[in-house]
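Welcome! Please take a look at the sequence and the 3D structure below before reading on.

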Amino acid sequence: MRFYPEAASDWAFRTDLLQLYINAWTVIFTGIVFLGVFFFAIKYRRRSEDERPRAILGSLPLELSWTIIPFFIAMTMFVWGATLFFEYASPPENAMEIYVTGKQWMWHTQHPEGQREINELHVPTGRPVKLTMTSEDVIHSFFIPAFRLKRDVLPGRYATIWFNATKPGKYRLFCAEYCGTQHSKMGGWVYVMEPAAYEAWLSGGGLGSMASQGEALFSQLGCVSCHRVDTQGRCPSLQNVFGSVVELQGNRTVLADETYVRESILNPSAKVVAGFQNIMPSFQGQVSEQNILQLMAYVKSLSGLAPAGQSQPVPGTQDDKARFRGMGPTQ
Ligand code: CUA
């Protein structure tokens, strides 16, 4: 019999160990309580009709010890759990990024290199993978038991998690939040591949990178007609915006992150850049969450943030040229 599900990520062993630790204390205390119940029931059983027990009025050393000892035991669980949680919540800088969109009732995933998948996710072993996830409709929850990885996916915002897959193979993917009629069927498979096999799989698509798909959308939706370096300042240039602090009207500032970019596409009047008029129409209803993620990848590429999953950009090479493509008048 196996006590734990298959283990295929760095989290698995560490999560299981913590759980084992908490379970061990639970078993120990259950044992103490049960043994105590039987021991005292026998030891202090009533021996005769007129027997009256001696009154006990508390014991300070006893009360202190059963308060302080469990407190420190509980703190070890808390500190251990919190440490793991914070690590779980902070993806490393060099993680490759994959975008996940949940919708009733399927998971869409897209790799920065362009590959799209439905109810499948291909990842390589031995490198951190960060998932940026959102929902098209209701709350879903992305769950890979073999990775000990689960996170709720909410409409209108981005949730991130990360992992390091360790063992090639095929693992279950689930939705772990009741989301309607077909909730139980919302799931699929995660394929963990050796890095070389993953590279081969990646190059099999031919769709163009996610940033270039975003760039195509950018001109298709007409964004390019205004957001250019040469439009005499009608709209803010998007060059190097992502990751920077943007000055807004009313002396406010905002960090240009995923949430800000998404909001600016769907609700442009919410945060207007200082020195500009709010002339941009909303694209609510015209772009899917996946489209927004593609536009996001493009905006990130304009900041020289190489789409995660590719090697770091070398200054002055084609990465730079790619950055300036789309900003020129020819588009
Ligand atoms: Cu999506 Cu349950």
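## About the model

This is a predicted model, in which local features need pLDDT of at least 70 and side-chain atom pairs count only at pLDDT 80 or more, while totals for chains, interfaces and linings use all residues. Residues are numbered from 1 along each chain as its sequence is written, and side-chain values use heavy atoms, with hydrogens and water left out.

## The protein as a whole

Let us begin with the overall picture. The protein has seven helices and twelve strands; these are DSSP runs numbered from the N terminus, with helices being H or I of at least four residues and strands E of at least two. Of its 331 residues, 40% are buried (under 20% relative accessible area, with a 1.4 Å probe and protein chains only).

The accessible surface is about 18,900 Å², by the Shrake-Rupley method with a 1.4 Å probe. Carbon and sulfur atoms account for 61% of that surface.

## A sheet of five strands

Five strands form an open sheet in the order β4-β10-β9-β6-β7, with mixed pairing; two strands pair if DSSP finds at least two bridges between them. Strands β4 (120–124) and β7 (149–153) stand at the edges with a single partner strand each, so one side of each has no neighbour in the sheet. On average, neighbouring strands here are turned by 20° against each other, direction ignored (axes are lines fitted to C-alpha atoms, for helices over the stretch in contact, and angles run from 0 to 180 degrees between N-to-C directions).

## Strand β10 and its partners

How do β4 and β10 pair, in the parallel or the antiparallel sense? They pair in the parallel sense, over five bridges, and Glu120 has Trp189 in β10 as its bridge partner. By contrast, β9 (residues 169–175) and β10 (residues 187–193) pair in the antiparallel sense over six bridges. Gly169 stands opposite Val192 in β10, and Leu173 has Gly188 in β10 as its bridge partner.

Five of the seven residues of β10 are buried, leaving this strand mostly covered. Helix α3 (residues 195–202) lies across β4 and β10 and runs at about 130° to β4.

## Helices at a pocket

Which helix gives the largest share of the lining of the second largest pocket? That helix is α5, with four residues. Both α5 (258–266) and α6 (289–301) supply at least two residues of this lining.

Conventions
Contact = heavy atoms within 4.5 Å. Buried < 20%, exposed > 50% of the residue type's maximum accessible area, 1.4 Å probe, protein only.
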